[in-house]
Amino acid sequence: MIEKMVAILDDERVKTNDEDLKPYRADTTGVKRDILAVVYPKSRDEVISIVKLAHENNISLYPVSKGNNWGYGSANPASDGCVIVMLSEMKKISGYEPHLGLITVEPGVTQGQLAKFLLEKNDKYLTPTTGAGPEGSILGNALERGYGLVPLADHFFAVMSLEAILADGTIYRSAINAKGCEVVDRVYKWGIGPYLDGLFSQSNFGIVTQMTIGLAPRPEHVETFFFDVASEADLEKTVDLVRNILIEHGALISSIKMISALQLLSMSLPFPFDDIENTSEGFVAHLKKQAKKAGYRPWTCVGSFYGQRSIIKAAKRALKTKIKPHAKRVIFLTRARVLFLQKLLVPFRGLIKGSLFMQFQKMLIPLDLSEGRPNGGALALCYRQLRRGVPEDISNLNPARDGCGLFWYAPLVPMKAALVRKFITFVEATCEKYRIEPLITLSSVSEKCFDSTVPILFDPSNSDQTERAKACFQELLEGGRQLGVYPYRAGIDMMKDLVDEKQPFWAVQRLIKKALDPKGIMSPGRYSKQ
Amino acid sequence: MLNKLSSAALEWQSLLGQERVKIQTEDLKRYQADTSRVERVIGAVLLPKTRDEVVAIVKIAALYGVALYPISKGNNWGHGSANPVMNDCVIVDLSQMNALSRFDTELGIITIEPGVTQGQLSDFLLKNGDFYLTPTTSAGPNATILGNALERGFGLVPVSDHFLSIMNLEVVLADGSVYHSAIHAKGCADVCDVFKWGIGPYIDGIFSQSNFGIVTAATIALKPKQDCMEIFIIEFIDQEDLESAVVIVRKILKELGCFASAISIVNDLRLSAMNTNYPFEVIKKNPQQAKAILRKLAQEGGFPPWACVGSLYAHRYVVDAVKKELKKLVGHKPWKIQFVSKAKAGMIEAVLDRLPKGMFKTIRNRIDKINMTLDLASGRPREEVLHICYRQLPGGVPQGKTLNPAQDGCGIYWYVPFLPMQADIVNRYVNFVEATCDAYGIEPMIVLTSLSERCFASPIPIVFDPKNIDQAKRAKDCLNALIEGGRAIGVYPHRLGIEMMEDVVEPEHAFWAVQQSIKDALDPQNIMSPGRYSR
């Protein structure tokens, strides 16, 4: 079988050596998978040949775009014994439509690559940017229904059309495409007839080899706002406030994040390894005290306005009025203002505390992200529990390769104040129990729903902490479910928990799987029993 | 067949009672009515009241191998009304399942059954605080919300993509099992109500425009009302301004889209048709010159060759800034842009009320239309949107009764292609539609409604009098010519009538192979809506 693969792809692009497979086994969740081989197709036709070969020989394939699915299994397959189909060499960008804001990408196209491409095309559109950094794949993130930091944040919603290779080697395209109306296919998501494209997201029905996505236009002006609330008791009021701001000004705001004090602390100060060992108070209480000392209030809300300068000016006034009864002040930041303040500070560099200067340097990282300029700054968080800290060169961070420990627990939480309170209390209590930092952020997905991201960080070389992290994740998942919240995507070790074939949903999923891939060669076990 | 049907009917009768199983020719007639000359043989009509009854109906159908055809209310005018795609189906009329539940005032979500209509939802929302917009369409107050959303209809207020606003579905499958999303299966029903995609493969979507099951409930997301709502109208001067209109609409949607609903570009003949009756007499004398006569009439009525109509929704602090930006986008061309709010329309009306009734007839008429548009834009469905269906009937719109174009003997086909928002393609398309309508003697009433900043849907009503055999034939030929010719220039309908299903399915193509294997897997006996978006 491997020889036949070599015949299709040549030696260079079929790896079976232990040494070559090692990077693919690296992960932040400590999973261990047997990987048969890694193959690197360069074109759709090569993917088809690989699939046909696998089909004839009953070999399981596991496609990955870049394998940077950190916190969810990285490049590792859901089941043992797969051949990884690494699509990173398929990185063509095509079909850019300057008027319509459309672009077609292959699986290997990264945020960084697309950002560069769009910049060269007069910078008219925003790159769908996430915290995963410039090396994250656009297509992989969209298929996993990832969320971003700029307008059109629902990356799966932005998928207008896609092309997938099915288990028998046929090429799936939409019904409109079958009618020869390719332009129409690219401008309208649902097409005609049953909406089947959606079956290829979070699933194992085929290998998506390209997709057309819609892009949000780069607005005239971007301005970020911050406000914080003084007391933990204000959580409910803050949730209501955030929802009301989104209802009234959602047209200008992509998302509002409610960031906990501990999350903010983690972004500015290293983990207090030694203090926390010796503290007599609770784990979470100790961290909260530290956050308070550093000046962080329990919740900081952050969002950005996107639009015309004149409209944002009016909206700022409205926002100030709205927030006034709840928070002392609202801070507005633009890139120009930060750069100006930085310049202002330069002459006093020696006089002021280093950390303040650094704070201003760091401010550009989230601003860049909110303007659709991907950077790896957000990845530094993954290194928090490593005593050696973040590598000097932050331009090429890879948490899996660098031995970080991370599970993402990212449940959807309806935007109801009482439920959010219950959820926060539950997460903090669970984290306390397992001595894991509760780094909670609530990001609005709409004016109806938050997605809460809770990174569970640990040092994989510390086996006790690793066990605690795993147990903590399991308890969050199950306890959260009992509260009525559940993640929007699953890591490879969570699939078993998710799939319940007694339920009609999974019965339908299984029937579709059997119909499209009777031999089960496509990503066995991924959002699926088989 | 007959034997199976009568055996099944007996069981259905004991399930639902005699009065909710219709088998008399007289009772079935209502379901056979259509706005075309289509004729379908219908086995029976069942009227369940609950999901459990639907489950039992499906199990009986499976036992006897009788095909079912679910309809929400059967008001799919222009696409086949209540008629099944294939003969001999048993219609499952879900109109008696019309409960509203799980309304959450804070979150703006509501669960509806198939029979819930625009009018019903609108009344409900009005009574419950008037915080949210009802998804209104041009099908009027008696059309259902769910049927329209599953057919991926679009409307006049945000969220105008009605399928997008479906958060989750409950579906009865061919084996009688009840499908819910994966998160629902985990016991987190509240999450399903606020997040469309759920977890795992996005399967909900396969129940739109398809025949894989009977949807018995859905939760939809509602858009909150804003303090300020105004409609805007941009009038263009020349026929050639169409390309500029497309560019302007795209710009507005790209830069101010979050404040605007769908924007429509409407031609003179459509505007004129909304305001004046069809000039039967004049055209009878000179049928060759029909289009020229209609165009002249439109001109005399003061209707511009093209107009853009849209609505803005904004917070009171920002509305002026938004309007200013909008004016800036339209530019300093001689095109007129007007904003009308409810208050402004009310003022004009008050002035007119003081004047003698006979005066300013045109203005009065226009104010009526503007009021209708304002109502629709604020989520109040209006029956007048259906008047277009009656345009070719010599008797006109019947007075003093609830309108139902199929029952009232109207003739209409909807040709609704979607097309990229590109000036050259739109131009080519409009010329093609005008020429084709001309060739078949059909009035080309053209509208382009934005579905996004990338895409228009273009609902073209092909209106005729079904009693006029020649005209009816021309209308059907015109529809076929539009679909075929449209396809040749790269556009295709976004939904299809029951007679067009065969046109869309291309069995040798992978999409339809996948569709067929899903169908075989979920409904091996083919008892669910045979032929609907399917072979």
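These legends walk you through several close-up views of a predicted model.

The model is predicted, and local features are described at a pLDDT of at least 70, side-chain atom pairs count at pLDDT 80 or more, and totals for chains, interfaces and linings use all residues. Residues are numbered from 1 along each chain as its sequence is written, while chains are lettered from A and ligands numbered from 1 in the order in which they are written.

**View 1. Chain A as a whole, with 18 helices and 18 strands.**
Helices (H or I, at least four residues) and strands (E, at least two) are DSSP runs, numbered from the N terminus. The C-alpha trace of chain A spans about 65 × 55 × 50 Å along its principal axes. Of the 530 residues in chain A, 55% are buried. Here a residue is buried if 20 or more other C-beta atoms lie within 10 Å of its own, exposed if 12 or fewer, and partly exposed in between, with C-beta atoms placed from the backbone. Two residues are in contact if their C-beta atoms, placed from the backbone, lie within 7 Å. Among contacts in chain A with a separation of 6 or more, 71% join residues 24 or more positions apart.

**View 2. An open sheet of 5 strands in chain A.**
Follow the strands in the order E5-E6-E9-E7-E8, with antiparallel pairing. The edges are strand E5 (93-97) and strand E8 (171-172) of chain A, each of which pairs on one side only. Two strands pair if DSSP finds at least two bridges between them. Strand E7 (residues 159-165) of chain A is joined to E8(A) by 2 bridges, and Ile165(A) has Ile171(A) as its bridge partner there. Helix H3 (residues 44-57) of chain A lies across E7 and strand E9 (207-214), running at about 145° to E9(A). Axes are lines fitted to C-alpha atoms, for helices over the stretch in contact, and angles run from 0 to 180 degrees between N-to-C directions.

**View 3. Helix H9 (residues 261-268) of chain A under cover.**
This helix is mostly covered, with 6 of its 8 residues buried. The buried residues are Ala261(A), Leu262(A), Gln263(A), Leu264(A), Leu265(A) and Ser266(A). Their cover includes strand E11 (253-260), helix H11 (283-293), strand E12 (299-307) and strand E16 (441-444) of chain A.

**View 4. The side of chain A that touches chain B.**
Across this interface, 77 residues of chain A are in contact with 77 residues of chain B. Among the elements that each supply at least two residues to the chain A side are E8, helix H8 (235-249), helix H12 (309-323) and helix H18 (504-516). H18(A) gives the most, with 10 residues. The chain A side divides into 49 nonpolar, 17 polar and 11 charged residues. In this count, Ala, Val, Leu, Ile, Met, Phe, Trp, Tyr, Cys and Pro are nonpolar, Asp, Glu, Lys and Arg are charged, and the others, Gly among them, are polar.

**View 5. The largest nonpolar core, with 333 residues.**
A nonpolar core is a set of buried Ala, Val, Leu, Ile, Met, Phe, Trp, Tyr and Cys residues joined through C-beta atoms within 7 Å. Those with the most contacts inside this one are Leu61(A), Ile84(A), Val85(A), Ile456(A), Val90(B) and Ile462(B). Helix H8 (residues 242-256) of chain B provides the largest share, 8 residues. Leaving aside residues up to four places away in sequence, Ile456(A) touches Leu406(A), Phe407(A), Tyr409(A), Ile436(A), Ala469(A), Cys472(A) and Phe473(A).

**View 6. A hairpin of E16(B) and E17(B).**
There are 4 residues between the two strands of this hairpin. E16(B) and strand E17 (residues 455-457) of chain B pair in the antiparallel sense over 2 bridges, with Thr449(B) opposite Ala457(B). E16(B), residues 447-450, also pairs with strand E11 (residues 264-267) of chain B, antiparallel over 3 bridges; Ile265(B) has Leu448(B) as its bridge partner.

**View 7. Backbone details in chain B, beginning with a cis peptide bond.**
The cis bond joins Pro158(B) and Val159(B), with omega about -5°. Val159(B) is in the loop between helix H5 (145-150) and strand E7 (166-172) of chain B. Gln209(B), a residue other than glycine, has a positive phi near 40°, and Gln209(B) is buried, with 23 C-beta neighbours inside 10 Å.
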